[in-house]
Amino acid sequence: MRVTIAVFDDRVSPVVPAHTLLVVDVEGGREVRREQQRLRRETPHRRMCRIANLGTAVFVCSDISRPLEGILTRRGVEVVSHVSGQCDDVLKALLAGAWSSRLSQCRTSDEVGNGHAWPQAAIRK
């Protein structure tokens, strides 16, 4: 499964579309490969299509407009938004099952936003 995180300075980017993506392949709940990809200057719509075309199953970001989120969800990408923090910390929380996603069916009591339960360290304040 592929997780893609919008990145700015090793943190979850405050806006989407970001210019840099952290693309992480996950197998059996563990990271097996990661790479950073720079996105070309293109329209936000094209960037969302590129994210989906990477084979992304879960896209993690801070803020995303409904139209851009719709582009991803219509292509089968689960969007986990309203997340902030260091990318490594957010990825560890995701892999540990800190909120419900395709990676885990585990939930915490700290439900926020679009139905996902967030780890306290990644809650946008």
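**Reading the salt bridges**

Me: How many salt bridges does the structure hold, and what is a salt bridge?

Reply: The structure holds seven salt bridges, a salt bridge being a side-chain nitrogen of Lys or Arg within 4 Å of a carboxyl oxygen of Asp or Glu. In general, side chains of opposite charge can pair when their charged atoms come close. This is a predicted model, in which local features need pLDDT of at least 70 and side-chain atom pairs count only at pLDDT 80 or more, while totals for chains, interfaces and linings use all residues. Residues are numbered from 1 along each chain as its sequence is written, and side-chain values use heavy atoms, with hydrogens and water left out.

Me: Which residue forms a salt bridge with Asp25, and is Asp25 buried or exposed?

Reply: Asp25 pairs with Arg2, their closest N and O atoms being 2.7 Å apart. Asp25 lies in strand S3 (residues 20-27) and Arg2 in strand S1 (residues 2-8), so the pair ties together parts that are 23 residues apart in sequence; strands here are DSSP runs (E, at least two residues), numbered from the N terminus. Both Asp25 and Arg2 are buried, where buried means under 20% relative accessible area, exposed over 50%, and partly exposed in between (1.4 Å probe, protein chains only).

Me: Which residues are linked with Arg2 and Asp25 in a network of salt bridges?

Reply: Arg33 and Glu35 are linked with them in that network. Arg33 and Glu35 form a salt bridge whose closest N and O atoms are 3.1 Å apart; Arg33 is partly exposed at 34% relative accessible area, and Glu35 is partly exposed at 27%.

Definitions and conventions: Helix = DSSP H or I, 4+ residues; strand = E, 2+ residues; numbered from the N terminus.
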